[in-house]
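Biologist: Hey, I'm new to this one. Could you walk me through it?

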There are 2 protein chains.
Amino acid sequence: MAGQRDEGGEVVTGTPTAPGADRVAAPRVAVEDTGSAGAAPAEQVAETAEPTARERARAIPEAAVARLAIYLRVLSGLVEQGVNTISSEELASAAGVNSAKLRKDLSYIGSYGTRGVGYDVEVLVGQIERILGLTRKHSVCVVGIGNLGHALANYGGFPGRGFPVAALFDVDPDLIGVPVGGIPVDHVDDIPRVVAEREISIGVIATPPPAAQEVCDRLVAAGVQCILNFAPVVLQVPDDVEVRKVDLAVEMQILSFHVARRADEAAEAAAEGADLSDVDGVVMRR
Amino acid sequence: MAGQRDEGGEVVTGTPTAPGADRVAAPRVAVEDTGSAGAAPAEQVAETAEPTARERARAIPEAAVARLAIYLRVLSGLVEQGVNTISSEELASAAGVNSAKLRKDLSYIGSYGTRGVGYDVEVLVGQIERILGLTRKHSVCVVGIGNLGHALANYGGFPGRGFPVAALFDVDPDLIGVPVGGIPVDHVDDIPRVVAEREISIGVIATPPPAAQEVCDRLVAAGVQCILNFAPVVLQVPDDVEVRKVDLAVEMQILSFHVARRADEAAEAAAEGADLSDVDGVVMRR
DNA sequence: AGTTGTGAACTAGTTCACAGCT
DNA sequence: AGCTGTGAACTAGTTCACAACT
């Protein structure tokens, strides 16, 4: 019975060129279009149209990927409760989506259900983990050990297993060497070495805004291709780097927008329906 | 070059869990849907087609709202730098979107640009603030004063101004009364009283997963209609409550998916294009 | 009978491209 | 000459509705 809203978040896959040459801007070469970027020798390989297993993964809509992660969490809970089988209707309601969407999402990863019965919980867990790439380990580093960085480091091994925090970085000399959540903080200057040594594939930026872009550049230079950015800044990265951001200010402002919209609606309703027993004029409900 | 992707959100503010029921749905009835089917003659009031200021706000796509918040941040930076005017092209690039999208987004809030010139930075700041409801104060409470709760409380007055943290709650007796970021922690049992007294309109949930739903219920019962949820749980709320979530696990897993996809593509490319010289490393193009 | 998997229809969101104003 | 604002075209995502299967 609930209205639920799911936030995507923003995926920023590459942006204009180098950080320095900011306003160069060749005339708008649209997104991924045909053009082989300028001098790049990159030629478009033969564009085969056969849907291999790999193609399949590529074809999963971004929005569905986010939901698969949620289904996985719900399913993991079910495994622990000893549930073996579940229908799309049940799983959907536990995940806060409707069943058609759930089935469509699951169909992107294959056909693992049994008609008339439902889905085998363990099978589904396995398949979603496979698609999400959770069968391999992804070491994470956190840059910026302030309030938030501390909190993140202390989660000790991010969300569940599979995302061990393998390094922490900061610029503050007083912090270097100090263990937080069991891991000693390194200096950001050591990013190249440490990232390589510990095979870090995901970088988390929790620095103050002014430092974020430079930290990002360093991570990218060190080979990190996936970044989770908590700093309220729009990062500029090359095309082959994936950035997701978590932006408190934006979230709060979106909520604020809804508060305002709601108030306006109430005012409007009150204005015309002054006669109606407005009842739910203000807050209330339940 | 500029590959950019922006993911909006899913809008299910009033999902009637009843699968068949709806379907009538005149254009926008929305939000306060059929719920009170019986008594209240939810007459469609005069279906005026005039775009009042209010109507306008309602019509802004969710995805655009999120971006407006980003434009606002960029613009605020420009104000400080003393910039007076900016073109859609420039602002777009600073915000990491393309100019057509930016202009379309701004058009939802009105026409404040000057053809041949651009936008007046201060005017735009004012208008976006107005639309996002930032002209009023939105008091916030944080429930769950663990690592994350601490970090949030210490931001002291959330993102910029406008979102003062007015209360903190926890269940731990050792925490009650202890000031964090200047605010003494109250017991969750006091949610009803404190929320009312301090006119809190936004609740932030930073509790462990098992406690999240109950805390949410309490906040809702206390009249909070907007919730930002950090707990990895799908909250069930009534239709008139807006929930946004920040889910670390999901973010990490989406990144993991992209790492995997990338690796697959690389493998694939290597498989067929073994002859090609391009070899410039991993992946390219999307 | 019961439930999945999926084309087809629909809705939301993005980009194009250009008329219209300064 | 330049830049905004926006209909129209397009793309992505969601929901419907039902055939296919157990």
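Predicted model: local features only at pLDDT ≥ 70, side-chain atom pairs only at ≥ 80, totals over all residues.

Biologist: What does the backbone of Tyr112(B) lie 3.4 Å from?

Modeller: Again a phosphate oxygen of DNA strand D, this time facing a backbone N or O atom of Tyr112(B). Gly116(B) also uses a backbone N or O atom, which lies 2.9 Å from a sugar or linking oxygen of DNA strand D.

Biologist: Which elements give two or more residues to the surface near DNA strand D?

Modeller: H4 of chain A, plus H4, E3 and E4 of chain B. The largest share comes from H4(A), with four residues.

Biologist: And which residues come nearest to DNA strand D?

Modeller: There are 24 residues around DNA strand D, and the nearest are Arg67(A), Arg115(A), Ser88(B), Arg103(B) and Tyr119(B).

Biologist: How do the residues of that surface near DNA strand D divide into nonpolar, polar and charged?

Modeller: Five are nonpolar, 10 are polar and nine are charged.

Biologist: Let's switch to DNA strand C. Which residues come nearest there?

Modeller: Ser88(A), Arg103(A), Gly113(A), Tyr119(A) and Arg67(B), out of 25 residues around DNA strand C.

Biologist: What does Lys104(A) lie 3.4 Å from?

Modeller: A base nitrogen of DNA strand C; the atom on the Lys104(A) side is a polar side-chain atom. Tyr112(A) has a polar backbone atom 3.3 Å from a phosphate oxygen of DNA strand C. From chain B, a backbone N or O atom of Arg115(B) lies 3.0 Å from a sugar or linking oxygen of DNA strand C.

Biologist: Which elements give two or more residues to the surface near DNA strand C?

Modeller: From chain A, helix H4 (99-109), strand E4 (113-114) and strand E5 (118-120); from chain B, helix H4 (99-109). H4(B) gives the largest share, four residues.

Biologist: Now the sheets. What's the order of the open three-strand sheet in chain B?

Modeller: E2-E4-E3, with antiparallel pairing. Strand E2 (85-86) and strand E3 (113-114) of chain B are at the edges with a single partner strand each, so one side of each has no neighbour in the sheet.

Biologist: How many bridges pair E3(B) with strand E4 of chain B?

Modeller: Two, in the antiparallel sense. Thr114(B) has Gly118(B) in E4(B) as its bridge partner.

Biologist: Over to chain A. Why is strand E10 called largely enclosed?

Modeller: Because five of the six residues of strand E10 (residues 200-205) of chain A are buried, it is largely enclosed by the rest of the structure.

Biologist: Does it run parallel or antiparallel to E6(A)?

Modeller: E6(A) and E10(A) run parallel, joined by five bridges. Val143(A) has Ile205(A) in E10(A) as its bridge partner. E10(A) also runs parallel to strand E11 (residues 226-229) of chain A, with four bridges joining them. There, Gly203(A) stands opposite Ile227(A) in E11(A).

Biologist: Which residues does the UniProt "binding site" annotation cover?

Modeller: The unreviewed UniProt entry puts it on Gly144(A), Ile145(A), Gly146(A), Asn147(A), Leu148(A) and Gly149(A). Of these, Leu148(A) is included in the lining of the second largest cavity.

Biologist: Where does Gly144(A) lie, then?

Modeller: In the loop between strand E6 (139-143) and helix H6 (147-154) of chain A. Gly144(A) is buried, because its relative accessible area is 7% and the cut-off is under 20%.

Biologist: Last one: is Lys245(A) buried or exposed?

Modeller: Lys245(A) counts as buried, at 15% relative accessibility. Its place is in strand E12 (residues 242-245) of chain A. The C-alpha atoms of Lys245(A) and Val233(A) are separated by 9.2 Å, with the two residues 12 apart along the chain.

How values were computed:
Residues numbered from 1 in each chain as written. Chains lettered and ligands numbered in written order. Heavy atoms only, no water. Near = heavy atom within 4 Å. Polar contact = N/O pair within 3.5 Å; in protein donor to acceptor, adjacent residues only side chain to side chain. Pairing = 2+ DSSP bridges. Buried < 20%, exposed > 50% of the residue type's maximum accessible area, 1.4 Å probe, protein only. Nonpolar A, V, L, I, M, F, W, Y, C, P; charged D, E, K, R; others polar. UniProt positions renumbered as here; feature names shortened; annotations may be inferred. 1 Å grid on protein atoms, 1.4 Å probe; cavity = no way out; pocket = protein on both sides within 12 Å on 5 of 7 lines; lining within 4 Å.
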